[in-house]
Every structure is written in structure tokens, then in C-alpha cells.
Amino acid sequence: MDVMQLGSMRGCFTASWVVCSLYKKIFMLDKLHNTSPYYFLKFWTILLKGNLSERRREKILVNIIMGFIVPWIFGFILYKKEPIIVLLIAPIGMTVAFILNDWGSNYFWQFKPTFRDLSLSALPLNIGFYPVLSSFLIYFKIKKKINTIILLLCFTLFTTGFEGIGLVLGKVEYFNGWNIIGTFISYLIAYFIIYGYYRSLVKHHILKN
């Protein structure tokens, strides 16, 4: 394994550790006073033991399945084909998602169900749907030679449409004057950031153009 791949894997492991630590805040896990990396196991233990109402538990499971598990099924398929793209792009996609949703959850939108820490509602999407989409964005750019503007607009429209469905189904709530146009612009900015990161990787000969 070369230095580039080793560095990429280290970055992914670091991002995963941060995500694990965030689960400490869910469902009163902060009261367990345990700094070990087993928050995922504790999360599932509480979720499955019935400490939550059945309806709330079902909503959380739907979010996890649709926002995390299903996207990473496709993400794993992409990883088998182009592992370096996933290892390099998924972490930046995750980072951008966390930044935007942490900011937006406090001022403009909220995913359901909600928690004491409002930003945690988007956690499955932040570590599943968005990093996988970011990886596919760069995959199509590299392998399919699609025009950059058309590609960015297509991914932005798809992601905005996905959130629009969530809005209709009551999975997302807007406030403080936020609307679907703002959502489109925010996703477009996010994809431009990811594309700019990809161009930086190309410039430094880490990824091929």
C-alpha cells in the first residue's frame, strides 16, 4: 500500500472515530461516562431494548436504513470498483455535510425526529447519503467525462428533489423563511466545494484528471 492510500485510510478512520464519538450525545449516552469507542453498540442496545416509544424507534430506524445503510450499499459497490475515489472523497463529503447541517439545523431546517442536539437528526445522512453522493459525483466526472456544470446541476437537482420528498413526507421542516430554492443553492455550493477539493487533488497528482 503506498503512502497516498495509507494517508487516505487514516483520514477515513479519523472521520469514523469522530462520528462514533458523536453518538455519545444520543439518548442520554453522555451519562454513561465511558470514553471507549463502543458508542455504536450502546446506541443499538438502547434502541432495541425499548427505551423509546415504538413509533419513535421506527422513525429512527427508517432514517438509519434510508440515510446510511442503503447509500453505503451503493457506496461499497463503488468502492470495489474505485476504492481510491471513495477513500479520498467520502471524508470531504462527510465534512461538508456536517458543517452545513450543523449550521442549518440551528437556523433554517430540521430533520425528523429531533434530539436534544438538533444536528444529530441528520447524522445518518451526514455519514451515509452525502459522502456516497460526493463519491459518485467525482466518479462520474473522472470516468464518464461529463460536462462539469451539467454534472453539478444534475447532482444538485437530485439531492434537492430527495429533500423535497422528505419535506412533503414531514421528514424535514423549514423555518426562518428557508425554502426549496435555498436548499438548491446550499447543495450547489456544497458540490462546488467538493469539486474544488477534487481539482486540488488533481493539481497535486493524487487523483487523475
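Predicted model: local features only at pLDDT ≥ 70, side-chain atom pairs only at ≥ 80, totals over all residues.
Close-up 1. Helix 6 has 21 residues. From first C-alpha to last, helix 6 reaches 30 Å, close to the 30 Å expected at 1.5 Å a residue. Its buried residues are T148, L151, L152, F155, T156, T159, T160, E163, G164 and G166. An α-helix has 3.6 residues a turn, so residues three or four places apart point the same way. The cover over the buried residues of helix 6 includes strand 1, helix 5, strand 2 and helix 7.

**Close-up 2. The largest nonpolar core.** This core holds 37 residues. I85, I89, L137, I138, Y191 and L207 touch the most other members. At least two residues each come from helix 4 (83–107), strand 1 (109–111), helix 5, helix 6, strand 2 (172–174) and helix 7 (180–203). In soluble globular proteins, nonpolar side chains tend to be buried together.

**Close-up 3. Contacts of I138.** I138 belongs to the largest nonpolar core. Neighbours within four places in sequence are left aside here. I138 is then in contact with I85, I89, I194, Y195, Y198 and L207.

**Close-up 4. The second largest pocket.** This pocket holds about 330 Å³ of space. Its lining has 18 residues. N63, M66, L125, F162 and K171 lie nearest the centre of the pocket. Helix 3 (54–81), helix 5 (123–143) and helix 6 (148–168) are the elements that give two or more residues to the lining. By type, the lining has 11 nonpolar residues, four polar and three charged.

Key:
Residues numbered from 1 in each chain as written. Heavy atoms only, no water. 1 Å grid on protein atoms, 1.4 Å probe; cavity = no way out; pocket = protein on both sides within 12 Å on 5 of 7 lines; lining within 4 Å. Points joined across faces, edges and corners; volume = space filled by probe spheres on them. Helix = DSSP H or I, 4+ residues; strand = E, 2+ residues; numbered from the N terminus. Nonpolar A, V, L, I, M, F, W, Y, C, P; charged D, E, K, R; others polar. Core = buried A, V, L, I, M, F, W, Y, C linked by side-chain atoms within 4.5 Å. Buried < 20%, exposed > 50% of the residue type's maximum accessible area, 1.4 Å probe, protein only. Contact = heavy atoms within 4.5 Å. Expected span 1.5 Å × (residues − 1).
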